[in-house]
Amino acid sequence: MKDMKDIEMIDIDDDYDNVNVSHKKVKSKKTPLTGDQKFGLFVSYLYLVLSIVFIGSLKIADLLPIYLIALVIVGLSLLYLYTYFTQFGSKTMRRTGTFLSILLCICLAFGTYYILVTKGTLNKISGANTKTDSISLIVMDQDPAKTVEDLNGYTFGIATAIDRENSDHALSDTGNTLGYAVDYKECGVIDQLVDSLYNGDVDVIVLNEAYRQTIEESRVNFSTETRVIITYKYEKELEDANSVDVVSEPFIVYISGNDTYGEIAETSRSDVNILAVVNPKTKNILLLSTPRDSYVELSIAPGSRDKLTHAGIYGIDCSMDTLEMLYDIDINYFIRVNFTGFQNIIDALGGVTVENDVSFVSHDGYTFEQGTLELDGLHALHFSRERKAFAMGDIQRGINQMKVMKAMIKKATSPAILNNYSSLMAGVSDSFLTSMDDKEISALVKMQLKKNTDWNTVSYNVSGTTSSEYTYSVSSTPLSVVILDQSTIDSAKTLINKVLNGESITQQEADSMTKNDSLH
(Lines give C-alpha, C1' and ligand atoms only; values in the text may rest on other atoms or scores of the structure.)
Protein backbone atom coordinates (compact mmCIF):
# COMPACT_ATOMS: atom_id res chain seq x y z
CA MET A 1 0.00 0.00 0.00
CA LYS A 2 2.82 2.30 0.81
CA ASP A 3 4.34 1.74 -2.60
CA MET A 4 1.04 2.51 -4.31
CA LYS A 5 0.72 5.88 -2.53
CA ASP A 6 4.22 6.78 -3.53
CA ILE A 7 3.42 5.89 -7.09
CA GLU A 8 0.25 8.08 -7.00
CA MET A 9 2.15 11.01 -5.58
CA ILE A 10 4.73 10.71 -8.29
CA ASP A 11 2.02 10.74 -10.95
CA ILE A 12 0.37 13.81 -9.55
CA ASP A 13 3.65 15.66 -9.40
CA ASP A 14 4.42 14.68 -12.95
CA ASP A 15 1.05 15.96 -14.11
CA TYR A 16 1.62 19.25 -12.33
CA ASP A 17 4.98 19.66 -14.00
CA ASN A 18 3.44 18.86 -17.36
CA VAL A 19 0.79 21.54 -16.83
CA ASN A 20 3.43 24.14 -16.01
CA VAL A 21 5.42 23.21 -19.04
CA SER A 22 2.29 23.41 -21.21
CA HIS A 23 1.38 26.81 -19.73
CA LYS A 24 4.85 28.13 -20.41
CA LYS A 25 4.62 26.95 -23.96
CA VAL A 26 1.28 28.79 -24.43
CA LYS A 27 2.70 32.06 -23.10
CA SER A 28 5.69 31.83 -25.30
CA LYS A 29 3.47 31.66 -28.37
CA LYS A 30 2.21 35.33 -27.94
CA THR A 31 2.95 37.21 -31.20
CA PRO A 32 5.03 40.39 -30.74
CA LEU A 33 3.82 43.68 -32.31
CA THR A 34 5.20 44.43 -35.74
CA GLY A 35 6.75 47.74 -36.67
CA ASP A 36 3.72 48.95 -38.60
CA GLN A 37 1.44 48.01 -35.67
CA LYS A 38 3.54 50.02 -33.25
CA PHE A 39 3.44 53.01 -35.60
CA GLY A 40 -0.29 52.61 -36.13
CA LEU A 41 -0.96 52.51 -32.38
CA PHE A 42 1.29 55.53 -31.83
CA VAL A 43 -0.67 57.55 -34.41
CA SER A 44 -3.93 56.33 -32.85
CA TYR A 45 -2.79 57.55 -29.42
CA LEU A 46 -1.74 60.86 -30.97
CA TYR A 47 -5.19 61.15 -32.50
CA LEU A 48 -6.72 60.61 -29.04
CA VAL A 49 -4.60 63.40 -27.54
CA LEU A 50 -5.44 65.80 -30.38
CA SER A 51 -9.13 64.93 -30.01
CA ILE A 52 -9.02 65.95 -26.35
CA VAL A 53 -7.23 69.20 -27.23
CA PHE A 54 -9.75 69.90 -30.01
CA ILE A 55 -12.72 69.37 -27.70
CA GLY A 56 -11.06 71.60 -25.12
CA SER A 57 -10.63 74.35 -27.72
CA LEU A 58 -14.33 74.06 -28.61
CA LYS A 59 -15.24 74.59 -24.98
CA ILE A 60 -12.89 77.55 -24.64
CA ALA A 61 -14.16 79.19 -27.85
CA ASP A 62 -17.77 78.67 -26.76
CA LEU A 63 -19.09 78.90 -30.31
CA LEU A 64 -21.00 75.62 -30.61
CA PRO A 65 -24.23 74.53 -28.87
CA ILE A 66 -23.78 71.78 -26.25
CA TYR A 67 -25.57 69.17 -28.35
CA LEU A 68 -23.16 69.73 -31.25
CA ILE A 69 -20.15 69.38 -28.93
CA ALA A 70 -21.67 66.12 -27.62
CA LEU A 71 -22.04 64.84 -31.18
CA VAL A 72 -18.41 65.75 -31.89
CA ILE A 73 -17.28 63.83 -28.79
CA VAL A 74 -19.26 60.74 -29.79
CA GLY A 75 -17.98 60.86 -33.36
CA LEU A 76 -14.35 61.29 -32.33
CA SER A 77 -14.66 58.46 -29.78
CA LEU A 78 -16.04 56.02 -32.33
CA LEU A 79 -13.31 56.92 -34.79
CA TYR A 80 -10.68 56.36 -32.11
CA LEU A 81 -12.01 52.91 -31.30
CA TYR A 82 -11.99 52.02 -34.98
CA THR A 83 -8.43 53.25 -35.59
CA TYR A 84 -7.19 51.46 -32.45
CA PHE A 85 -8.69 48.03 -33.05
CA THR A 86 -7.80 47.95 -36.75
CA GLN A 87 -4.17 47.63 -35.63
CA PHE A 88 -4.92 44.05 -34.47
CA GLY A 89 -6.52 43.00 -37.73
CA SER A 90 -5.19 42.17 -41.16
CA LYS A 91 -2.40 44.09 -42.83
CA THR A 92 -4.93 45.93 -45.02
CA MET A 93 -7.00 46.90 -42.00
CA ARG A 94 -3.91 48.14 -40.16
CA ARG A 95 -2.88 50.33 -43.09
CA THR A 96 -6.40 51.71 -43.43
CA GLY A 97 -6.56 52.53 -39.71
CA THR A 98 -3.12 54.17 -39.75
CA PHE A 99 -3.94 56.28 -42.80
CA LEU A 100 -7.24 57.37 -41.23
CA SER A 101 -5.49 58.27 -37.97
CA ILE A 102 -2.94 60.44 -39.79
CA LEU A 103 -5.68 62.18 -41.78
CA LEU A 104 -7.72 62.82 -38.64
CA CYS A 105 -4.67 64.16 -36.77
CA ILE A 106 -4.06 66.68 -39.55
CA CYS A 107 -7.72 67.75 -39.53
CA LEU A 108 -7.78 68.09 -35.74
CA ALA A 109 -4.57 70.13 -35.72
CA PHE A 110 -5.90 72.56 -38.32
CA GLY A 111 -9.32 72.62 -36.67
CA THR A 112 -7.84 73.51 -33.29
CA TYR A 113 -5.72 76.22 -34.89
CA TYR A 114 -8.68 77.83 -36.64
CA ILE A 115 -10.83 77.69 -33.52
CA LEU A 116 -8.16 79.36 -31.39
CA VAL A 117 -7.55 81.98 -34.11
CA THR A 118 -11.28 82.70 -34.20
CA LYS A 119 -11.44 83.00 -30.42
CA GLY A 120 -8.40 85.28 -30.39
CA THR A 121 -10.00 87.50 -33.04
CA LEU A 122 -13.26 87.73 -31.08
CA ASN A 123 -11.37 88.69 -27.93
CA LYS A 124 -9.48 91.39 -29.84
CA ILE A 125 -12.40 93.04 -31.62
CA SER A 126 -15.06 92.75 -28.93
CA GLY A 127 -15.77 94.76 -25.82
CA ALA A 128 -14.53 98.08 -27.26
CA ASN A 129 -15.36 100.80 -24.75
CA THR A 130 -12.84 103.58 -25.37
CA LYS A 131 -12.15 106.35 -27.83
CA THR A 132 -8.74 107.81 -28.63
CA ASP A 133 -8.10 111.47 -29.44
CA SER A 134 -4.91 112.61 -31.14
CA ILE A 135 -4.10 116.20 -30.15
CA SER A 136 -1.33 117.94 -32.11
CA LEU A 137 0.74 121.07 -31.57
CA ILE A 138 0.90 122.68 -35.03
CA VAL A 139 3.04 125.51 -36.36
CA MET A 140 3.42 127.03 -39.80
CA ASP A 141 5.77 125.03 -42.02
CA GLN A 142 8.42 127.77 -42.17
CA ASP A 143 8.55 128.07 -38.37
CA PRO A 144 12.00 127.11 -37.01
CA ALA A 145 10.63 125.07 -34.08
CA LYS A 146 11.30 121.33 -34.33
CA THR A 147 10.63 120.03 -30.81
CA VAL A 148 8.42 120.92 -27.86
CA GLU A 149 11.44 122.51 -26.16
CA ASP A 150 11.71 124.89 -29.13
CA LEU A 151 8.24 126.26 -28.29
CA ASN A 152 9.62 128.10 -25.27
CA GLY A 153 8.04 131.56 -25.21
CA TYR A 154 5.48 130.75 -27.94
CA THR A 155 1.86 131.84 -27.68
CA PHE A 156 -0.52 128.91 -27.93
CA GLY A 157 -3.95 129.08 -29.52
CA ILE A 158 -6.87 126.87 -28.53
CA ALA A 159 -10.53 126.68 -29.51
CA THR A 160 -12.72 128.55 -27.03
CA ALA A 161 -15.16 125.75 -26.22
CA ILE A 162 -14.88 122.92 -28.73
CA ASP A 163 -12.80 119.98 -27.45
CA ARG A 164 -11.65 122.07 -24.50
CA GLU A 165 -10.87 119.10 -22.26
CA ASN A 166 -8.32 117.64 -24.67
CA SER A 167 -6.82 121.08 -25.35
CA ASP A 168 -6.29 121.63 -21.62
CA HIS A 169 -4.61 118.22 -21.31
CA ALA A 170 -2.21 119.08 -24.15
CA LEU A 171 -1.37 122.48 -22.63
CA SER A 172 -0.68 120.81 -19.29
CA ASP A 173 1.60 118.14 -20.82
CA THR A 174 3.46 120.78 -22.81
CA GLY A 175 3.89 122.91 -19.70
CA ASN A 176 5.34 119.93 -17.84
CA THR A 177 7.93 119.52 -20.61
CA LEU A 178 8.83 123.22 -20.69
CA GLY A 179 8.76 123.60 -16.92
CA TYR A 180 6.16 126.37 -16.75
CA ALA A 181 2.51 127.07 -17.49
CA VAL A 182 2.34 128.11 -21.15
CA ASP A 183 0.54 131.22 -22.36
CA TYR A 184 -2.53 130.55 -24.47
CA LYS A 185 -5.19 132.48 -26.30
CA GLU A 186 -8.79 131.43 -26.92
CA CYS A 187 -9.52 131.82 -30.63
CA GLY A 188 -13.17 130.84 -31.03
CA VAL A 189 -14.23 127.89 -33.20
CA ILE A 190 -11.93 125.65 -35.24
CA ASP A 191 -11.76 127.68 -38.46
CA GLN A 192 -11.07 130.83 -36.43
CA LEU A 193 -8.33 128.96 -34.57
CA VAL A 194 -6.66 128.06 -37.88
CA ASP A 195 -7.02 131.64 -39.13
CA SER A 196 -5.24 132.83 -35.98
CA LEU A 197 -2.25 130.64 -36.85
CA TYR A 198 -2.13 131.83 -40.46
CA ASN A 199 -2.50 135.48 -39.42
CA GLY A 200 0.25 135.26 -36.84
CA ASP A 201 -2.03 136.02 -33.89
CA VAL A 202 -0.67 132.86 -32.23
CA ASP A 203 2.54 130.92 -32.83
CA VAL A 204 1.22 127.39 -32.36
CA ILE A 205 -2.26 125.90 -32.17
CA VAL A 206 -3.60 122.92 -30.25
CA LEU A 207 -5.73 120.87 -32.66
CA ASN A 208 -7.57 117.57 -32.53
CA GLU A 209 -6.46 115.64 -35.63
CA ALA A 210 -10.10 114.64 -36.15
CA TYR A 211 -10.69 118.18 -37.49
CA ARG A 212 -7.94 118.02 -40.11
CA GLN A 213 -10.07 116.87 -43.05
CA THR A 214 -12.81 119.32 -42.14
CA ILE A 215 -10.26 122.14 -42.20
CA GLU A 216 -8.98 120.95 -45.59
CA GLU A 217 -12.46 121.45 -47.06
CA SER A 218 -11.72 125.18 -47.01
CA ARG A 219 -7.89 125.18 -46.75
CA VAL A 220 -6.86 122.45 -49.18
CA ASN A 221 -3.13 122.92 -48.53
CA PHE A 222 -3.35 122.97 -44.77
CA SER A 223 -1.27 119.78 -44.32
CA THR A 224 1.59 121.07 -46.46
CA GLU A 225 1.53 124.64 -45.18
CA THR A 226 1.72 123.58 -41.54
CA ARG A 227 3.80 121.13 -39.52
CA VAL A 228 3.15 118.97 -36.46
CA ILE A 229 5.60 119.36 -33.57
CA ILE A 230 4.14 116.58 -31.41
CA THR A 231 0.94 114.57 -31.13
CA TYR A 232 -0.46 113.56 -27.76
CA LYS A 233 -2.89 110.65 -27.53
CA TYR A 234 -5.64 110.58 -24.91
CA GLU A 235 -7.87 107.60 -24.28
CA LYS A 236 -11.26 107.93 -22.66
CA GLU A 237 -13.80 105.32 -21.61
CA LEU A 238 -17.24 105.44 -23.19
CA GLU A 239 -20.40 105.22 -21.16
CA ASP A 240 -21.95 101.77 -21.05
CA ALA A 241 -24.75 101.34 -23.60
CA ASN A 242 -27.98 99.47 -22.99
CA SER A 243 -26.95 95.84 -23.41
CA VAL A 244 -29.66 93.24 -24.03
CA ASP A 245 -30.04 89.49 -24.39
CA VAL A 246 -29.09 89.39 -28.06
CA VAL A 247 -30.65 85.97 -28.70
CA SER A 248 -34.10 86.86 -27.42
CA GLU A 249 -34.47 90.67 -27.50
CA PRO A 250 -34.33 93.08 -30.45
CA PHE A 251 -31.35 95.42 -30.55
CA ILE A 252 -29.82 98.20 -32.64
CA VAL A 253 -26.21 98.40 -33.80
CA TYR A 254 -24.58 101.57 -35.10
CA ILE A 255 -22.15 100.76 -37.93
CA SER A 256 -19.60 103.52 -38.33
CA GLY A 257 -17.13 103.75 -41.19
CA ASN A 258 -14.36 106.20 -40.30
CA ASP A 259 -12.78 108.31 -43.03
CA THR A 260 -9.25 107.65 -41.81
CA TYR A 261 -6.46 105.10 -42.17
CA GLY A 262 -4.64 103.60 -39.21
CA GLU A 263 -6.02 103.00 -35.72
CA ILE A 264 -9.73 102.18 -35.58
CA ALA A 265 -10.32 103.68 -32.15
CA GLU A 266 -9.02 107.04 -33.41
CA THR A 267 -11.65 109.78 -33.19
CA SER A 268 -12.58 110.97 -36.68
CA ARG A 269 -15.43 111.83 -39.01
CA SER A 270 -17.77 109.02 -39.98
CA ASP A 271 -18.34 108.50 -43.70
CA VAL A 272 -20.65 105.52 -43.18
CA ASN A 273 -23.61 105.83 -40.81
CA ILE A 274 -25.77 102.71 -40.86
CA LEU A 275 -28.13 101.43 -38.21
CA ALA A 276 -28.71 97.67 -38.12
CA VAL A 277 -32.03 97.00 -36.39
CA VAL A 278 -32.06 93.32 -35.47
CA ASN A 279 -34.85 91.10 -34.17
CA PRO A 280 -33.36 87.66 -33.35
CA LYS A 281 -36.78 86.05 -32.86
CA THR A 282 -38.33 87.04 -36.18
CA LYS A 283 -34.95 86.96 -38.01
CA ASN A 284 -35.53 90.41 -39.46
CA ILE A 285 -32.74 92.94 -40.04
CA LEU A 286 -33.26 96.52 -41.18
CA LEU A 287 -30.21 98.32 -42.54
CA LEU A 288 -30.93 102.03 -42.32
CA SER A 289 -28.49 104.46 -43.98
CA THR A 290 -28.32 108.13 -43.03
CA PRO A 291 -26.32 110.45 -45.36
CA ARG A 292 -23.03 111.65 -43.89
CA ASP A 293 -23.89 115.27 -44.74
CA SER A 294 -27.29 115.16 -43.02
CA TYR A 295 -27.91 118.50 -41.29
CA VAL A 296 -28.82 117.35 -37.79
CA GLU A 297 -28.84 118.59 -34.22
CA LEU A 298 -25.74 117.46 -32.34
CA SER A 299 -26.18 115.81 -28.95
CA ILE A 300 -23.25 117.78 -27.49
CA ALA A 301 -24.67 121.15 -28.59
CA PRO A 302 -28.48 121.20 -28.17
CA GLY A 303 -30.05 123.58 -30.65
CA SER A 304 -26.93 123.65 -32.88
CA ARG A 305 -26.86 121.83 -36.20
CA ASP A 306 -23.96 120.24 -38.04
CA LYS A 307 -23.18 117.54 -40.56
CA LEU A 308 -23.74 114.06 -39.18
CA THR A 309 -20.19 113.15 -40.22
CA HIS A 310 -18.85 115.91 -37.95
CA ALA A 311 -20.48 114.26 -34.94
CA GLY A 312 -17.75 111.64 -35.23
CA ILE A 313 -15.17 114.34 -34.51
CA TYR A 314 -16.47 114.41 -30.95
CA GLY A 315 -16.41 110.64 -30.57
CA ILE A 316 -18.48 107.67 -31.65
CA ASP A 317 -20.68 108.23 -28.60
CA CYS A 318 -21.67 111.64 -30.01
CA SER A 319 -22.61 110.03 -33.35
CA MET A 320 -24.74 107.44 -31.55
CA ASP A 321 -26.47 110.00 -29.33
CA THR A 322 -27.16 112.24 -32.33
CA LEU A 323 -28.81 109.37 -34.25
CA GLU A 324 -30.79 108.40 -31.16
CA MET A 325 -32.21 111.94 -31.06
CA LEU A 326 -32.99 111.86 -34.79
CA TYR A 327 -34.94 108.59 -34.75
CA ASP A 328 -36.18 108.50 -31.12
CA ILE A 329 -34.42 105.20 -30.40
CA ASP A 330 -31.86 103.61 -28.09
CA ILE A 331 -28.73 102.22 -29.73
CA ASN A 332 -27.31 99.19 -27.93
CA TYR A 333 -23.97 98.55 -29.63
CA PHE A 334 -21.58 99.92 -32.21
CA ILE A 335 -19.35 98.41 -34.88
CA ARG A 336 -16.47 100.49 -36.14
CA VAL A 337 -14.28 100.06 -39.21
CA ASN A 338 -11.96 102.47 -41.02
CA PHE A 339 -10.56 102.66 -44.57
CA THR A 340 -7.68 100.32 -43.77
CA GLY A 341 -10.01 97.75 -42.25
CA PHE A 342 -12.53 98.04 -45.06
CA GLN A 343 -9.91 97.20 -47.68
CA ASN A 344 -8.33 94.41 -45.61
CA ILE A 345 -11.63 92.66 -44.94
CA ILE A 346 -12.78 92.74 -48.57
CA ASP A 347 -9.39 91.57 -49.84
CA ALA A 348 -9.44 88.75 -47.27
CA LEU A 349 -12.90 87.78 -48.53
CA GLY A 350 -11.44 87.52 -52.01
CA GLY A 351 -13.38 90.55 -53.26
CA VAL A 352 -17.12 91.19 -53.56
CA THR A 353 -19.70 91.31 -56.35
CA VAL A 354 -22.10 94.26 -56.65
CA GLU A 355 -24.66 95.49 -59.16
CA ASN A 356 -23.86 99.06 -60.22
CA ASP A 357 -26.87 101.18 -61.15
CA VAL A 358 -25.07 103.72 -63.31
CA SER A 359 -21.58 103.99 -64.77
CA PHE A 360 -19.38 106.71 -63.28
CA VAL A 361 -15.81 107.90 -62.81
CA SER A 362 -14.77 108.67 -59.24
CA HIS A 363 -12.99 111.91 -58.36
CA ASP A 364 -9.84 109.78 -57.92
CA GLY A 365 -10.05 108.60 -61.53
CA TYR A 366 -11.46 105.10 -61.02
CA THR A 367 -14.00 103.99 -63.64
CA PHE A 368 -17.02 101.86 -62.65
CA GLU A 369 -19.18 100.52 -65.47
CA GLN A 370 -22.90 99.88 -65.14
CA GLY A 371 -23.80 96.27 -64.36
CA THR A 372 -22.11 93.51 -62.39
CA LEU A 373 -18.79 94.51 -60.84
CA GLU A 374 -16.11 92.38 -59.19
CA LEU A 375 -14.41 94.65 -56.67
CA ASP A 376 -11.25 94.18 -54.63
CA GLY A 377 -10.68 96.15 -51.43
CA LEU A 378 -9.28 99.28 -53.08
CA HIS A 379 -11.98 99.56 -55.75
CA ALA A 380 -14.75 98.71 -53.27
CA LEU A 381 -13.50 101.57 -51.09
CA HIS A 382 -13.61 104.10 -53.95
CA PHE A 383 -16.98 102.73 -55.11
CA SER A 384 -18.37 103.29 -51.60
CA ARG A 385 -16.86 106.73 -51.03
CA GLU A 386 -17.80 108.48 -54.29
CA ARG A 387 -20.54 111.11 -54.18
CA LYS A 388 -19.46 113.98 -56.44
CA ALA A 389 -20.09 111.95 -59.61
CA PHE A 390 -23.83 111.62 -58.86
CA ALA A 391 -26.72 114.02 -59.18
CA MET A 392 -28.06 112.47 -55.96
CA GLY A 393 -24.68 113.04 -54.31
CA ASP A 394 -24.53 111.70 -50.77
CA ILE A 395 -27.80 109.79 -51.22
CA GLN A 396 -26.34 107.63 -54.00
CA ARG A 397 -23.20 107.09 -51.94
CA GLY A 398 -25.36 105.66 -49.15
CA ILE A 399 -27.07 103.34 -51.64
CA ASN A 400 -23.70 102.12 -52.93
CA GLN A 401 -22.44 101.56 -49.40
CA MET A 402 -25.45 99.35 -48.70
CA LYS A 403 -24.72 97.36 -51.86
CA VAL A 404 -21.16 96.69 -50.72
CA MET A 405 -22.29 95.78 -47.20
CA LYS A 406 -24.84 93.26 -48.49
CA ALA A 407 -22.19 91.79 -50.79
CA MET A 408 -19.81 91.43 -47.85
CA ILE A 409 -22.46 89.67 -45.75
CA LYS A 410 -23.24 87.32 -48.64
CA LYS A 411 -19.57 86.47 -49.18
CA ALA A 412 -18.86 86.07 -45.48
CA THR A 413 -21.70 83.56 -45.05
CA SER A 414 -20.73 81.45 -48.07
CA PRO A 415 -18.44 78.36 -48.04
CA ALA A 416 -15.90 80.37 -50.07
CA ILE A 417 -14.90 82.11 -46.85
CA LEU A 418 -12.92 79.00 -45.85
CA ASN A 419 -10.44 79.57 -48.67
CA ASN A 420 -9.03 82.67 -46.98
CA TYR A 421 -10.17 82.11 -43.41
CA SER A 422 -6.84 82.88 -41.73
CA SER A 423 -6.38 86.04 -43.81
CA LEU A 424 -9.94 87.12 -43.00
CA MET A 425 -9.41 86.66 -39.26
CA ALA A 426 -6.13 88.60 -39.45
CA GLY A 427 -7.79 91.39 -41.43
CA VAL A 428 -10.76 91.62 -39.11
CA SER A 429 -8.68 91.56 -35.93
CA ASP A 430 -6.74 94.68 -36.94
CA SER A 431 -9.51 96.53 -38.74
CA PHE A 432 -12.71 96.07 -36.81
CA LEU A 433 -14.05 96.93 -33.35
CA THR A 434 -17.38 96.37 -31.65
CA SER A 435 -18.80 97.19 -28.24
CA MET A 436 -20.44 93.74 -28.13
CA ASP A 437 -18.55 91.46 -25.79
CA ASP A 438 -17.30 88.05 -26.88
CA LYS A 439 -20.05 86.22 -24.98
CA GLU A 440 -22.75 88.12 -26.86
CA ILE A 441 -21.12 87.35 -30.19
CA SER A 442 -20.75 83.68 -29.19
CA ALA A 443 -24.42 83.56 -28.21
CA LEU A 444 -25.44 84.84 -31.67
CA VAL A 445 -23.17 82.31 -33.41
CA LYS A 446 -24.54 79.42 -31.35
CA MET A 447 -28.12 80.56 -31.98
CA GLN A 448 -27.53 80.60 -35.73
CA LEU A 449 -25.84 77.18 -35.71
CA LYS A 450 -28.64 75.71 -33.64
CA LYS A 451 -31.56 77.07 -35.68
CA ASN A 452 -29.79 77.55 -39.04
CA THR A 453 -32.53 79.79 -40.44
CA ASP A 454 -32.23 82.47 -43.10
CA TRP A 455 -32.40 86.12 -42.11
CA ASN A 456 -34.61 88.62 -43.90
CA THR A 457 -32.45 91.70 -44.59
CA VAL A 458 -34.15 94.91 -45.77
CA SER A 459 -32.39 98.18 -46.57
CA TYR A 460 -33.73 101.72 -46.53
CA ASN A 461 -32.08 105.11 -47.10
CA VAL A 462 -33.34 108.38 -45.68
CA SER A 463 -32.89 111.25 -48.12
CA GLY A 464 -33.29 114.97 -48.58
CA THR A 465 -32.18 117.96 -50.59
CA THR A 466 -28.76 119.57 -50.72
CA SER A 467 -28.22 123.02 -49.30
CA SER A 468 -25.45 125.29 -48.04
CA GLU A 469 -25.51 126.05 -44.32
CA TYR A 470 -23.31 127.19 -41.46
CA THR A 471 -22.37 124.37 -39.10
CA TYR A 472 -21.41 124.04 -35.45
CA SER A 473 -17.90 122.84 -36.31
CA VAL A 474 -17.24 125.37 -39.09
CA SER A 475 -19.24 128.48 -38.29
CA SER A 476 -17.51 131.00 -40.55
CA THR A 477 -18.05 129.26 -43.91
CA PRO A 478 -21.25 127.67 -45.26
CA LEU A 479 -20.82 123.98 -46.09
CA SER A 480 -22.74 121.62 -48.35
CA VAL A 481 -25.31 119.71 -46.29
CA VAL A 482 -28.38 117.52 -46.81
CA ILE A 483 -31.66 118.78 -45.38
CA LEU A 484 -33.46 115.54 -44.58
CA ASP A 485 -37.04 115.13 -45.76
CA GLN A 486 -39.25 114.55 -42.72
CA SER A 487 -41.27 112.00 -44.69
CA THR A 488 -38.19 109.76 -45.04
CA ILE A 489 -37.42 110.10 -41.34
CA ASP A 490 -41.01 109.11 -40.53
CA SER A 491 -40.77 106.11 -42.88
CA ALA A 492 -37.52 105.07 -41.21
CA LYS A 493 -39.14 105.27 -37.78
CA THR A 494 -42.04 103.13 -39.01
CA LEU A 495 -39.68 100.42 -40.28
CA ILE A 496 -37.59 100.54 -37.10
CA ASN A 497 -40.63 100.13 -34.87
CA LYS A 498 -41.96 97.26 -36.96
CA VAL A 499 -38.73 95.31 -36.56
CA LEU A 500 -38.48 96.10 -32.84
CA ASN A 501 -42.12 95.06 -32.29
CA GLY A 502 -41.68 91.73 -34.07
CA GLU A 503 -43.58 92.60 -37.24
CA SER A 504 -42.36 91.38 -40.62
CA ILE A 505 -41.01 93.80 -43.21
CA THR A 506 -40.08 93.29 -46.85
CA GLN A 507 -37.77 95.01 -49.30
CA GLN A 508 -40.80 95.70 -51.48
CA GLU A 509 -42.39 97.58 -48.60
CA ALA A 510 -39.25 99.66 -48.06
CA ASP A 511 -38.94 100.39 -51.79
CA SER A 512 -42.59 101.45 -51.88
CA MET A 513 -41.91 103.89 -49.03
CA THR A 514 -38.97 105.31 -50.97
CA LYS A 515 -41.20 105.94 -54.01
CA ASN A 516 -43.91 107.55 -51.90
CA ASP A 517 -41.31 109.72 -50.16
CA SER A 518 -40.03 110.90 -53.55
CA LEU A 519 -43.56 111.82 -54.68
CA HIS A 520 -44.16 113.61 -51.41
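Q: Which residues are linked in a network of salt bridges here?
A: Asp271, Arg292, Asp293, Lys307, Arg385, Arg387 and Arg397 are linked that way. Bear in mind that this is a predicted model.

Q: Take Arg385 and Asp271. What distance, N to O, goes with their salt bridge?
A: The side chains of Arg385 and Asp271 meet at 3.7 Å, N to O. The pair links distant parts of the chain. Arg385 belongs to helix 12 (residues 377-385), and Asp271 to strand 7 (residues 270-279). They are 114 residues apart.

Q: Is Asp271 buried or exposed?
A: Asp271 is buried, because its relative accessible area is 6%, and the cut-off for buried is under 20%.

Q: And how does Arg385 count?
A: Arg385 counts as partly exposed, at 27% relative accessibility.

Q: How many salt bridges does the structure hold?
A: There are 19 salt bridges in the structure.

Q: Let's go to Lys236. Which side chain does it meet in a salt bridge?
A: Lys236 meets the side chain of Glu165, at 3.5 Å from N to O. Lys236 lies in strand 5 and Glu165 in helix 5 (residues 164-178), so this pair ties together parts that are 71 residues apart in sequence.

Q: What are the relative accessible areas, starting with Lys236?
A: Lys236 has 41%, so it is partly exposed. Glu165 is partly exposed too, with 48%.

Q: What about Glu237, where does that one lie?
A: Glu237 also lies in strand 5, which covers residues 226-237. Glu237 counts as exposed, because its relative accessibility is 61% and the cut-off for exposed is over 50%.

Q: Which residues gather with Glu237 in a patch of negative charge?
A: Glu235, Glu239, Asp240 and Asp321 gather with Glu237 in that patch on the surface.

Q: New topic: helix 6. Which of its residues are buried?
A: The buried residues of helix 6 are Ile190, Asp191, Leu193, Val194, Ser196 and Leu197.

Q: What do the buried residues of helix 6 pack against?
A: They pack against strand 1 (130-140), strand 2 (156-158), strand 4 (204-208) and strand 5. Helix 7 and helix 8 are also packed against by the buried residues of helix 6.

Q: Which residue follows helix 6?
A: Gly200 follows helix 6. Its phi is positive, near 85°.

Q: Back to salt bridges. What does Asp195 meet?
A: The side chain of Asp195 meets that of Arg219 in a salt bridge, at 2.8 Å from N to O. This pair links distant parts of the chain, 24 residues apart. Asp195 is in helix 6 (residues 190-199). Arg219 is in the loop between helix 7 (212-215) and helix 8 (222-225).

Q: Now the whole chain. How many helices and strands?
A: The protein chain has 17 helices and 19 strands.

Q: What share of the residues is buried?
A: Buried residues make up 47% of the 520 residues.

Q: And what share of contacts joins residues at least 24 apart?
A: That share is 71%, among contacts between residues at least 6 apart in sequence.

Q: Last one: what does the accessible surface come to?
A: The accessible surface of the protein chain is about 25800 Å², and 56% of it belongs to carbon and sulfur atoms.

Methods:
Residues numbered from 1 in each chain as written. Predicted model: local features only at pLDDT ≥ 70, side-chain atom pairs only at ≥ 80, totals over all residues. Heavy atoms only, no water. Patch = residues over 30% accessible without salt bridge, like charges linked within 9 Å, V, L, I, M, F, W, Y side chains within 5 Å. Areas by Shrake-Rupley, 256 points an atom, 1.4 Å probe, with all protein chains shown as cover. Salt bridge = Lys/Arg side-chain N within 4 Å of Asp/Glu carboxyl O. Lys, Arg positive; Asp, Glu negative; His and termini not counted. Charge placed at Lys NZ, Arg CZ, Asp CG, Glu CD. Helix = DSSP H or I, 4+ residues; strand = E, 2+ residues; numbered from the N terminus. Buried < 20%, exposed > 50% of the residue type's maximum accessible area, 1.4 Å probe, protein only. Contact = heavy atoms within 4.5 Å.
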